[in-house]
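This report goes through one protein model, starting with its charged side chains and ending with its overall build. Please look at the structure below before reading on.

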Amino acid sequence: MEPILDVRDLHTSFLTSNGEVKAVRGVSFQVGKGETIGIVGESGSGKSVTSLSILKLLGSTGCIKSGSICLNGEELTKKSSREMQKIRGEKVSMIFQDPMTSLNPLLTVGDQVGEMLWAHNKKLSKKERDEKVLELFRMVRIPEPEKRLKSFPHEFSGGMRQRVMIAMALACRPELLIADEPTTALDVSIQDQILKLMRQLQQEIGMSIMFITHDLGVVAELCSRVLVMYGGLIMEEASIFDIFENPKHPYTMGLIASIPDLNQDKNTLLKPIPGSPPDMIHPPKGCPFAPRCPYACRICQEEIPPYVQLDEGHRSMCWLLAPDAPAQDNPFKQGKEDA
């Protein structure tokens, strides 16, 4: 599959009064044309920072330290702020987490979506903008779009506001859509509607989607491939089938084990991952998951493991899988030797 996005060895940091927060520490992945990939992991794993790095929306304290971000062969890390303004919305768009705080409460939703169109085509008249906004509202299944055009954000429900955010993101027909936990603040029934809508719109427009979430159930519904992030690194990358049926990294296993089973006894305790995420001002020199990993060995504390290619499209960063890991440091190998 031809990649529309190619990210290589991306390092992104934030300079704070307490020190440098190394939020992303060497992330590499690709997104194919028309593909939907999921990025999962706990809060602070680097999911959102990776997406904000692509759009160069890191604020005054954030910066891309090194690495490459190519969108259809264009290197984005070298683009100026003015050049990025043309790319955002037109070639790559983003749906942010909270639709209420993402919309201006003082402007009608029609004007806000129309502003996106005007930003990329100054020749559009007010009437032409309104017609295109109506078309977008119909596309995202907003009922009575003619009336809703002049409504304010507070007059919409959470699900309807999220539809407005999707309409805004799709206004210029981008090639890549980044959805940063777009269903987190919504109830389950509205969540399902939004996911179905995104699938339908992807088929109609043919865009690629990066779906960022902490909900593996949502990923199973929408994505074909998954990146599992932790401590600013990709721990595992695989197809949606392999992630659920054949996970190889202990962190992926822990995430899947923590999902409650609808058929389990109500007195059965959930299985959380013990411990806390690492301090990214002072990230561990070894595997970031080692302090919480039940299989951690000496080398896990000392060195970041290499990626092991397990199958086509399936890689994992774990010393337990590395063929050159010392046997005395690897409980899996010890078990085989003892047998």
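## Salt bridges

A salt bridge is a side-chain nitrogen of Lys or Arg within 4 Å of a carboxyl oxygen of Asp or Glu. Side chains of opposite charge can pair when their charged atoms come close. A search of the whole structure finds 16 salt bridges.

The model is predicted: local features need pLDDT of at least 70, side-chain atom pairs count only at pLDDT 80 or more, and totals for chains, interfaces and linings use all residues. Residues are numbered from 1 along each chain as its sequence is written, and side-chain values use heavy atoms, with hydrogens and water left out.

## A buried pair

One of the salt bridges joins the side chains of Arg-225 and Glu-237, with 2.3 Å from N to O. This pair links distant parts of the chain: Arg-225 belongs to strand E9 (residues 225-230) and Glu-237 to strand E10 (residues 233-239), 12 residues apart. Arg-225 and Glu-237 are both buried, where buried means under 20% relative accessible area, exposed over 50%, and partly exposed in between (1.4 Å probe, protein chains only). Through shared partners, salt bridges join Glu-35, Arg-225, Glu-237 and Arg-315 into one network.

Arg-138 counts as partly exposed because its relative accessibility is 45%. Glu-146, at 47%, is partly exposed as well.

Another salt bridge connects Glu-144 and Lys-147, at 3.3 Å from N to O. Glu-144 has 47% relative accessibility, so it counts as partly exposed. Lys-147 has 61%, so it counts as exposed.

## Overall build

The protein has 13 helices and 12 strands. Helices (H or I, at least four residues) and strands (E, at least two) are DSSP runs, numbered from the N terminus.

How does the radius of gyration compare with that of a compact globule? For 339 residues such a globule would have a value near 20 Å, and the 22 Å of the protein agrees with this. The radius is taken over C-alpha atoms, and the globule rule is 2.2 Å times the number of residues to the power 0.38. Along the principal axes, the C-alpha atoms fill a box of roughly 75 × 50 × 40 Å.

Buried residues make up 49% of the 339 residues. Of the contacts (heavy atoms within 4.5 Å) with a separation of 6 or more, 63% are between residues 24 or more positions apart.
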